[in-house]
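Subject: Structure for your review

Dear colleague,

Please find below the structure that I am handing over to you.

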Amino acid sequence: MTARPEGNPLTQATPPRPASILVVDDDQRNVRLMESILKASGYSVLKAGDGEEALRLVESHAPDLILLDAMMPRMSGFELCQRLKGRYETRLLPIIMVTALNALEDKVQALEIGADDFLSKPINKVELLAKVRSILRVKALQDAVERQKAELLASNNALVRMQGFKESMMQMVVHDLKNPLASIMGNAQLMLMQKAQLTPGRLEELLQRTQESARQLMRMILNILQIGKLEEQKMPLRLEPLALHQVVQENIAEMSGLSARDGIGLASRAPDDLPPLVADRELVGRVVANLLSNALKHTPAGGQVVVDARQEGEEIVLTVSDTGEGIPEELQPHIFEKFVAGQGDHSGRMLYDSGLGLTFCKLAVLCHGGRIWLTSRPGAGTTVFIALRRQGPPARSWEAAAPPAPGASAA
Ligand SMILES: Nc1ncnc2c1ncn2[C@@H]1O[C@H](COP(=O)(O)OP(=O)(O)OP(=O)(O)O)[C@@H](O)[C@H]1O
Ligand SMILES: [Mg+2]
């Protein structure tokens with residue numbers, strides 16, 4: 001990075017350091033003269049008596065500018081200039097060639113091989129300092145451009161990676177949506193083909209299955225759409241006073257056909273005298289629906305799913321508990337992340353595992369300024385807890401999301 005001694009506005013990110021200038025000349029008197037002029041103006045000076053030494057100093061000290069004598073024994077200034085300009089790492093290192101007073105040919109050659117400017121001997125102090133300043137200004141601009149180029153390249157790479165990630169996620173999502181849709185189509189086809197022979201009981205069963213798959217499909221689509229909005233914090237909350245036990249009852253009523261068919265007890269213990277809480281009815285309802293769907297999916301016949309709610313200080317805590325298979329311990333720390341899903345159970349039931357339900361629940365709860373966590377023991381069951389503020393979300397609900405309860409997997 002280049003900085004003028006008095007500080008350069010282009011390089012404000014780090015404290016300015018004096019620009020370092022490498023003086024290369026086999027004549028020690030010239031070196032001393034330029035050194036004293038440059039040092040008096042606050043530059044830091046490196047010195048080399050020949051081309052080889054200069055190359056070593058460029059390597060070890062990365063100077064900001066070189067003042068290079070054209071005529072030197074062994075490696076001439078021209079040759080050194082050509083080598084530095086020909087190397088990718090040093091191609092932008094500015095070089096001022098120092099030539100004899102009337103050596104027009106040398107000056108032309110210096111410019112042709114890529115030198116940035118030239119100075120004539122004997123050195124004129126004012127001219128030397130003016131050229132050094134102007135070249136360092138250009139170098140500072142060039143450095144800034146190079147930095148921005150590197151930053152742009154890095155963010156472009158990140159975008160490309162992200163795009164690839166999104167595409168593969170989209171494929172997974174589309175694949176997951178296919179399952180409930182296939183079930184709807186299969187049931188419809190069955191009803192059409194067998195309409196003459198179907199008993200009313202069988203017809204009702206097929207219609208119920210079709211409806212369940214349609215609900216699943218809708219739940220998955222809404223999860224996908226709303227997760228995107230919630231992540232970008234673009235989901236407008238429609239806040240209203242909410243009787244939580246009613247929301248729970250509505251969802252239980254929707255799932256009762258499914259739970260009865262699978263032989264799972266489903267009940268609410270949420271008291272109907274709970275104080276109302278301020279929340280978005282649709283989002284809270286969909287959180288409850290997702291939790292019930294999970295509990296029913298992962299509880300075998302004969303098991304129980306219970307929803308409870310209680311007031312705790314300024315919060316209402318809702319729990320959805322099941323006596324199901326539980327969540328494997330290694331999955332628990334990541335369970336609220338997108339697309340994290342288990343292997344499904346072995347009961348032969350159709351499970352739709354896109355791994356988005358709990359992510360949606362987490363985001364919906366956090367945007368209310370609430371907390372979500374769960375406890376689960378493989379083989380014994382799972383309880384998901386949601387704590388929502390009775391007063392509704394605070395002004396900046398996303399930042400206000402409180403820390404998890406101890407010993408639990410939390411969002
Ligand atoms: N109550 C539960 N009992 C056992 N495992 C559960 C329970 N709830 C969630 N899980 C596990 O957590 C995983 C993630 O759940 P999540 O709701 O996020 O996605 P999903 O149910 O797989 O798919 P969907 O997007 O349709 O909800 C599930 O695949 C399952 O393995
Ligand atoms: Mg789910």
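Which residue in E9 stands opposite Leu266? Before the reply, please note that this is a predicted model. The residue opposite Leu266 is Val305 in E9. The description below starts with the domains and then takes each sheet in turn.

**Domains**

The domain assignment of the chain gives domain 1, covering 9–156, and domain 2, covering 238–410. The centres of domain 1 and domain 2, taken over C-alpha atoms, are separated by 67 Å.

**The five-stranded sheet**

Five strands form an open sheet with parallel pairing, in the order E2-E1-E3-E4-E5. At its edges are strand E2 (44–48) and strand E5, each of which pairs on one side only. On average, and with direction ignored, neighbouring strands of this sheet are turned by 20° against each other. Helix H1, residues 28–40, packs on the sheet and touches E1, E2 and E3. The direction of H1 makes about 170° with that of E2.

Strand E1 (residues 20–24) and E3 pair in the parallel sense over four bridges, and Val23 stands opposite Leu67 in E3.

Ala62 is found in the loop between helix H2 (51–61) and strand E3 (65–69). Its phi is near 40°, a positive value in a residue other than glycine. Pro122 has its place in the loop between strand E5 (117–120) and helix H5 (125–193). The peptide bond from Lys121 to Pro122 is cis, with omega near -5°.

**The six-stranded sheet**

A further open sheet has six strands in the order E7-E9-E10-E12-E11-E13, and its pairing is mixed. The edge strands here are E7 (265–268) and E13 (409–410), each pairing on one side only.

E9 and E10, by contrast, pair in the antiparallel sense over eight bridges, and Arg310 stands opposite Val317 in E10. These two strands, E9 and E10, form a hairpin with two residues between them. In the turn, Gly313 has a positive phi of about 60°. Moving on, strand E10 (residues 315–322) and strand E12 (residues 381–389) also pair in the antiparallel sense, over eight bridges. Within that pair, Leu318 stands opposite Ile386 in E12.

Helix H7 (residues 244–262) lies across E7, strand E9 (304–312) and E10. H7 runs at about 170° to E7.

**Helix packing: H7 and H8**

H7 also packs with helix H8, residues 281–297, at an angle of about 20° and with the axes 9 Å apart. Angles under 35 degrees count as roughly parallel, and H7 is therefore roughly parallel to H8. The crossing of these two helices, H7 and H8, is right-handed. From H7, the residues making the contact include Val247, Val248, Met255 and Leu258. From H8, they include Val284, Val288, Ala289 and Leu292. By class, the contact of H7 with H8 has nine nonpolar, three polar and three charged residues.

**Helix packing: H6 and H9**

H6 makes the contact through Asn223, Gln226, Ile227, Leu230 and Glu231. On the side of H9, the contact is made by Gly357, Thr359, Phe360, Leu363 and Ala364. By class, the contact of H6 with H9 has five nonpolar, four polar and one charged residues.

With kind regards

Conventions:
Residues are numbered from 1 along each chain as its sequence is written. Chains are lettered from A and ligands numbered from 1 in the order in which they are written. This is a predicted model: local features need pLDDT of at least 70, side-chain atom pairs count only at pLDDT 80 or more; totals for chains, interfaces and linings use all residues. Two residues are in contact if their C-beta atoms, placed from the backbone, lie within 7 Å. Ala, Val, Leu, Ile, Met, Phe, Trp, Tyr, Cys and Pro count as nonpolar, Asp, Glu, Lys and Arg as charged, and the others, Gly among them, as polar. Domain bounds come from an automatic or database domain assignment. Two strands pair if DSSP finds at least two bridges between them. Axes are lines fitted to C-alpha atoms, for helices over the stretch in contact, and angles run from 0 to 180 degrees between N-to-C directions. Angles under 35 degrees count as roughly parallel, over 145 as roughly antiparallel, 65 to 115 as roughly perpendicular and the rest as oblique. A crossing is left-handed if the near helix is turned anticlockwise from the far one by less than a right angle, and right-handed if clockwise.
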